Every structure is written in C-alpha cells, then in structure tokens.
Amino acid sequence: MELRHSEEHEAVSRTLRDFVDREIKPNTLQWEREGEVPRQIFTKLADLGFLGIRLSPEYGGGGQDFWFTAILLQELMRAGSIGVVVAIMAHAEFATKVIERGGSHELKTKYVQAAAEGKLIGALGVSEPEAGTDVAGLQTRAVRDGDEYVINGSKLYISNGTIADYITTAVRTGDAGHRGISIIVVPADTKGLTRSRLQKIGTHSSDTAEIFFDDCRVPAENLVGEENKGFRLIMEGFEGERLVLSVMACSQARLMFEQARQWGHDRKAFGQSILGFQVWQHRLADVLTQIEAAETLTYRAIDEYVKGEPANSIISMAKLFATEMALDTARECAQIQGGLSHMEECLIGRLYRDSLALTIGAGTSETMRNIIAQSNELVA
Ligand SMILES: Cc1cc2nc3c(=O)[nH]c(=O)nc-3n(C[C@H](O)[C@H](O)[C@H](O)COP(=O)(O)OP(=O)(O)OC[C@H]3O[C@@H](n4cnc5c(N)ncnc54)[C@H](O)[C@@H]3O)c2cc1C
C-alpha cells in the first residue's frame, strides 16, 4: 500500500513540497526561538486550499479524505519541525473537525469556514490539571443560565492555547462520568478567560498553554451537538488525531534515518566511514525495517479509517507502534551523530526531544495498549 494513489496526490505533494521549501523550512529555527508559528503560515496554507483539506467544501474545506491529510503531514514534516506541524494540526484537525462533525449549521459557518480560510485559529481544550488520560474525569463546569453557559475551571497542555481565537472546550454539564460531558466553542476573547504559555522541553514552535475560565459567559448556541453527548465526539475525534501522530512519527523517523545514513557515509573515524563499521550497518538496517513496518501499519489503519470500517483498534496499534518506533529511531540516529546530536543546531537532536511528545499526545502508549486489549478480547 502506498501513501500516494493518484496523479492528484502527486500534484498536491509537489505543490506542498515547493511551499514547505520556500515558506517553512528556512524559518523553523526562528519559530522555535519565538515559540509560535506566525499567522501568515495558516493563511498561506489556506490560500493554497490545504489548511482545511479534510473539512467540508460547504464550509470552505477541500472535502478530501485522510490520504490527503497524510500527504500534507508528510510534506510539512520535511521541514524538520514537529512543533510547526502540531500547531497546524491542532487547529485544522483537532479543534475544528469536532465542530464540523457535531456542530450546528450556524456554528460551522462561523467557525469551520473561518478555520478553513485561516481567518480564525483554533485549539482543542480537553486535558485538565486533574484529568488527562481519564477524560471522563474532567471537572471544568458549564452551567446553563438563560441563553448562555457560565464556565468555570481550567485546561492544561493546550496546543495553540495562547494564539487561538476559539477553544473547542470539553466541559461538564451533567453528572460525573462520561455521560455528563459536552463540548462548547469558547471565543478566546470571552471575559474571564485567561491563558499563559507553558515552557516546554521540546516542540518549541508549537505554543502550549494553561487556560483558566472564571465565570466565562458563552452563548448557548456555541454548544456542539447535544448537551451531555460530548464524550463520544471527543473519542471519535481521537481516531483522526492518532492517525495524524502516526504519520508524523513515520515521517520524522524517515527524516532522521536519511540524515543518519548520510552522516554515516560522510563522517570518518579510524580511517573509515562510520558506516564502514558493520555494527552501524546493522543498527540502521534495523531502523529502516522498523520504519517500513510502521508505515505499512499506519497506511493500513488509514485505509480502514477512510473506508469507514471500525478502525479504533488498528489506529491504536499504528499510533503505539509508530510513535514508539520514532522514539527508538531518534535514539539510534542521535547515537550515530555522536556529540553533534546534543547541539541545538542538530536536526536529529531537536527531533529526538520533540518525539517525546508523540507517545503522550492524543492518548499515551498505555492508553493505546488498553484499547487494543479491550478490542481484542484480552481483558480477563
Ligand atoms: C506537547 C503536548 C501537546 C498537547 N496538546 C493538547 C491539546 O491540544 N489539547 C488537549 O486537550 N491536551 C493536549 N495535551 C495533553 C495530552 O493529551 C495529555 O498529556 C495526555 O492525554 C496524558 O494525560 P496526562 O498528561 O494528564 O497524564 P496522566 O493521565 O496523568 O497519565 C500519567 C501516566 O499514567 C499512565 N496511565 C494513566 N491511566 C492509565 C491506565 N488506565 N492504565 C495504564 N496507564 C495509565 C499514562 O499512560 C501516563 O504514562 C498535550 C500534551 C503534550 C505533551
């Protein structure tokens, strides 16, 4: 199975490659230092029709399937910055797809369309200080008061948190547990909403925030879907998010492998190339084998997802295998570069620390194993 199936895929890939080479690649180090991706990148991607590539054409999107998102991810990842890709995906995929799937026509016109056009930037607010993996335990509360909801609580580790114009926010509207959760779109300029940027060890160009809601009043029509039915929307959204991280992990690993291979040919020790030592031929042979395996699994998961088949288990396998593989690959590729891998200027070094986020975001590796176990009669 190949990522590109058609001439159209090839054409999208070529256009994106050119865009990434011109607009993203030369700037990634600066954006890493600044801690965010400039807004123009969102609008430029929107102008090319790629920001909302998977969103509905009725609301300004490209109406394409996940194979196109995968091509978008693969080309964006060639710039060598996980942070940049997280920022774009947190907006287009995580924060906005949920509104598209569950929201009213008015909400979609207001937010999905503006998101596809790059006029508004979104963030998805699910995780909280006391509830990460345990989404059903979230405590941020929204209470209906006439035509409004009044929201109190906080969110943690929110990608795009300080740059977003709207936060697709998971809140508790009912009893404890997963049946009491709703999703409300909260405009970032709502009175009582404050946010602060977190200092991370990696993915620096993706801004990550803590967000506080202090008696925030939001119009009741900003509810996405029905009250207390938000948990399912979040879980369905996770499938796309996990595929995004799987493709990112595969692309990152391939990038690191290619750099390591080149380095192994160029760098000399004891009068020969590092790849003159059989130990390194074998280690990189293992790396490449793992990458091929992760890509094959990821593409199969995409295929089942695109066909509309039940794909939760295979997507969890892809996310688990690909993100753990990327971390292992990073360690191997850093080792072959020796001291250079510890320098800020070193792509493999930066990707190494960034890859730590991939086994955590959108569900940890332990969560993926739990899903695989539950889906395959492994729970006694
Ligand atoms: C860079 C980055 C960006 C992020 N962006 C967003 C975002 O945009 N929006 C958002 O809502 N969240 C975001 N997150 C948060 C992310 O989704 C959570 O960190 C993740 O779900 C884990 O939650 P937690 O950190 O609270 O860990 P916890 O849930 O406290 O888990 C701690 C450890 O315990 C393990 N564990 C928990 N439960 C079980 C179990 N049942 N069985 C076995 N092990 C278990 C976990 O696997 C983990 O290893 C982001 C995180 C990072 C690092």
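**View 1. The placement of domain 1 and domain 2 in the predicted model.** The C-alpha centres of domain 1 and domain 2 lie 22 Å apart, and the contact takes 26 residues from domain 1 and 20 residues from domain 2, where two residues are in contact if their C-beta atoms, placed from the backbone, lie within 7 Å. The protein chain is assigned to domain 1 (7–116), domain 2 (122–226) and domain 3 (232–375), with bounds that come from an automatic or database domain assignment. This is a predicted model, in which local features need pLDDT of at least 70 and side-chain atom pairs count only at pLDDT 80 or more, whereas totals for chains, interfaces and linings use all residues. Residues are numbered from 1 along each chain as its sequence is written.

**View 2. The side of domain 1 that touches domain 2.** With the contact taking 26 residues from domain 1 and 20 residues from domain 2, α2 (28–34), α5 and α6 (105–116) each supply at least two residues of the domain 1 side; helices (H or I, at least four residues) and strands (E, at least two) are DSSP runs, numbered from the N terminus. The largest share of this side, 13 residues, comes from α5. By residue class, the side of domain 1 that touches domain 2 divides into 14 nonpolar, nine polar and three charged residues, with Ala, Val, Leu, Ile, Met, Phe, Trp, Tyr, Cys and Pro counted as nonpolar, Asp, Glu, Lys and Arg as charged, and the others, Gly among them, as polar.

View 3. Of the 21 residues around the ligand, V126, G132, T133, T364 and E366 come nearest, a residue being near a molecule or strand if its C-beta atom, placed from the backbone, lies within 6 Å of it. The elements that give two or more residues to this shell are α5 (82–102), β1 (122–125), β3 (148–159) and α11 (365–375). The shell around the ligand draws at least three residues from each of domain 2 and domain 3, and its residues divide into nine nonpolar, 11 polar and one charged.

**View 4. The packing of α4 against α5.** Helix α4 (residues 66–77) and α5 pack at an angle of about 155 degrees, with their axes 10 Å apart; axes are lines fitted to C-alpha atoms, for helices over the stretch in contact, and angles run from 0 to 180 degrees between N-to-C directions. The two helices, α4 and α5, are therefore roughly antiparallel to each other, as angles over 145 degrees count as roughly antiparallel, those under 35 as roughly parallel, 65 to 115 as roughly perpendicular and the rest as oblique. The contact is made by T69, L73, L76 and M77 of α4 and by V84, V85, I88 and E93 of α5, and these residues divide into six nonpolar, one polar and one charged.

**View 5. The packing of α8 against α9.** Helix α8 (residues 278–306) and helix α9 (residues 312–336) pack at an angle of about 155 degrees, with their axes 9 Å apart, which makes α8 roughly antiparallel to α9. The residues of the contact of α8 with α9 divide into 15 nonpolar, three polar and five charged.

**View 6. The packing of α1 against α4.** The axes of helix α1 (residues 7–24) and α4 come within 9 Å and cross at roughly 30 degrees, and α1 and α4 are therefore roughly parallel to each other. H9, V12, S13, L16, R17 and V20 of α1 make the contact with W67, F68, I71, L72, E75 and L76 of α4.
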